[in-house]
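User: I would like to go through this structure with you by question and answer, looking at its sheets, its helix packing and the surroundings of its ligand.

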Amino acid sequence: MSVPQISVAEEAAALLREFGIAGEGGLVSRSPIDGNEIGRVTEGNPAAACAAAAAAFLEWRSVPAPRRGELVRLLGEELRASKEPLAQLVTLEAGKIVSESLGEVQEMIDICDFAVGLSRQLYGLTIASERPDHRMIEQWHPLGPVLVISAFNFPVAVWAWNAALALVCGDPVIWKPSEKTPLTAEAVMVLMRRALDRFGDAPAGLVQLVQGGREIGEALVDDPRIALVSATGSTAMGRAVAPRVAARFGRSLLELGGNNAMIVAPSADLELAARAILFSAAGTAGQRCTTLRRLIVHDSVAEPLIARVRELFATVTLGDPRDPATLIGPLIDCAAGDAMERVIGDQIECVEAVAGGHYVRPALVEVDAQGGTMLQETFAPILYAVRYTTLDEAIALNNDVTQGLSSSIFTNDLREAERFLAAAGSDCGIANVNIGPSGAEIGGAFGGEKETGGGRESGSDAWRAYMRRQTNTINYGSDLPLAQGVRFDIAP
Ligand code: NAD
């Protein structure tokens, strides 16, 4: 891709035409690049979508899982074929640089590949029974319709993490994307429909898109036909959603805010650490859930490391994310810039990159002690730096926030690395050594503890959240022995 000579609106119109999207309706999408409208969508109908998903579930749950995997394989093919235009739309609507947008679509492709293999590996257990001539097994059955609520900053990948697994697990999917990125969702649905057409006999209502804001989200969350609510967004959103789902005994999978740290120890490769800090703290304009927000640096290396990071922050290229030379694009909107300004005041440096967009230079704020706004997730490129003297102190600082998503340590000392990863080390869902906290692969389970919500999605055995477990005991003998030796004999 190269920087188009046409305007953002013109480029968006061309992409919508390419995908066959009308771009009309009452909900407006604006590009963070220049603030201009790039298309519209129509608000969805939550009750109708839930009814259609519930009906689709009755059919889809009985389709053999490897056949369900075939649908996801076709989706992966469609994504491969349209990787570039979909990534271009992500750049226009979410403001990500081209390389990150391509990476986001690649992540969708990767999870499709993973889920196809998984469709033949939804394994249960054989369990030793305490009773003679008995067998115990555990099987996994489809759960029911899954609602995916996604955030603006990963406008397409988060849906794919959920949808690819849910579909092979036998569950219909309803997607309520961020109201800030509705067009990318429409484009993904075009590709999904192409895959469904090629698949042939999938039930109507298997995969649906319901556009809208908070109220539409709430109506879906409250619907008892939704078996699992997989919600990605702020901790405030999770605080609102979780009790509503719990009130109807639904299941929720929460992927909420992070406040991620990196410890840089005396033995660390400082240049490697500095590069990881730049990507983790400033990449995606600081708008990743795994963004590095707290640098916990040993006294002995603090000065050279902080000087190097300041240099990188001062010179990193900001601008139109369509330009291949750009490393940092715009914030999502004006409110994001205001939030950053509220927190760091006149330390904010706004850059006039493209008129109408909100471009800010990453800020490094040195503090004597962890506290105040450092404890909260401001969704902007602010990196706080605090010094430490002992590893115990550093680990305590890493853990002393309410969020628990991602963390990392830079050290060449094996003992330090292992202590960081041990039970008494980082309390986060993700803990890395010699890479930053940001930029996960799909093969691992993704998610975090505490106010990050406790959910896990994507790789490893995250699929279990999308299925219901059933324990079976089968008696193939001619007696009826009871468990725990209980006797309940009747007179002969
Ligand atoms: P947000 O919370 O404002 O919105 C996220 C989604 O939730 C949107 O689709 C929104 O319409 C919906 N929503 C909001 N309130 C709702 C309610 N009461 N009921 C139902 N739906 C509701 O988040 P955002 O600004 O789009 O994204 C940024 C946040 O997302 C950050 O906090 C970031 O850390 C988090 N995030 C977390 C992960 C993760 O995997 N942990 C990934 C991406 C983003």
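Predicted model: local features only at pLDDT ≥ 70, side-chain atom pairs only at ≥ 80, totals over all residues.

User: Which residue of S22 stands opposite Trp140?

Analyst: Strand S4, which covers residues 134–142, runs antiparallel to S22 and is joined to S22 by nine bridges. Within S22, the residue that stands opposite Trp140 is Arg469.

User: Turning to the open sheet of five strands, what is its average twist from one strand to the next?

Analyst: The five strands are arranged in the order S7-S6-S5-S8-S9, with parallel pairing. Strand S7 (207–209) and strand S9 (251–255) are the edges, each of them pairing on one side only. From one strand to the next, the average twist of this sheet is 15°.

User: Which helix packs on that sheet, touching S5, S6 and S8?

Analyst: The helix in question touches strand S5 (146–149), strand S6 (173–176) and S8, and its direction makes about 155° with that of S6. The helix that packs on the sheet in this way is H8.

User: What is the bridge partner of Thr232 in S9?

Analyst: Strand S8, made up of residues 228–232, pairs with S9 in the parallel sense, and five bridges connect the two. In S9, the bridge partner of Thr232 is Glu255.

User: Which element gives the largest share of the shell around the ligand?

Analyst: There are 29 residues around the ligand, and those that come nearest are Ala151, Gly217, Gly233, Glu255 and Cys289. Two elements give two or more residues to this shell, namely helix H8 (214–222) and helix H9 (235–247). The largest share, amounting to four residues, comes from H8.

User: How many residues of the shell around the ligand are charged?

Analyst: Sorted by class, the shell has twelve nonpolar residues and eleven polar ones. The number of charged residues in the shell is six.

User: Are H3 and H6 roughly parallel or roughly antiparallel to each other?

Analyst: Two packed helices are described by the angle between their axes and the distance between the axes. For helix H3 (residues 65–81) and helix H6 (residues 157–169), the axes come within 7 Å and cross at roughly 150°. Since angles over 145 degrees count as roughly antiparallel, H3 and H6 are therefore roughly antiparallel.

User: How many residues in the contact of H3 with H6 are nonpolar?

Analyst: H3 passes H6 in a right-handed crossing, and the contact is made by Ala65, Arg68, Gly69, Leu71 and Val72 of H3 together with Ala164, Leu167 and Val168 of H6. Divided by class, this contact has one polar and one charged residue, while the number of nonpolar residues is six.

User: Is the crossing in which H4 passes H7 left-handed or right-handed?

Analyst: Helix H4 (residues 83–94) packs against helix H7 (residues 182–199) at an angle of about 165°, their axes being 9 Å apart, which makes H4 roughly antiparallel to H7. The residues that make the contact are Leu86, Leu89, Val90 and Glu93 of H4 and Leu183, Thr184 and Ala187 of H7, and by class they divide into five nonpolar, one polar and one charged. The crossing in which H4 passes H7 is left-handed.

User: Are H5 and H6 roughly parallel or roughly antiparallel to each other?

Analyst: Helix H5 (residues 98–118) and H6 pack with their axes 9 Å apart, at an angle of about 10°, and H5 passes H6 in a right-handed crossing. Because angles under 35 degrees count as roughly parallel, the relation of H5 to H6 is roughly parallel.

User: How many charged residues are in the contact of H5 with H6?

Analyst: On the H5 side, Glu104, Glu107, Met108, Ile111, Cys112, Ala115 and Leu118 take part, and they meet Ala157, Ala160, Trp161, Ala164, Leu165 and Val168 in H6. By class, the contact has eleven nonpolar residues and no polar ones, and the number of charged residues is two.

Conventions
Residues numbered from 1 in each chain as written. Near = placed C-beta within 6 Å. Nonpolar A, V, L, I, M, F, W, Y, C, P; charged D, E, K, R; others polar. Pairing = 2+ DSSP bridges. Axes fitted to C-alpha atoms, helices over the stretch in contact; angles between N-to-C directions. Contact = placed C-beta atoms within 7 Å. Parallel < 35°, antiparallel > 145°, perpendicular 65-115°, else oblique. Left-handed = near helix turned anticlockwise from the far one by under 90°.
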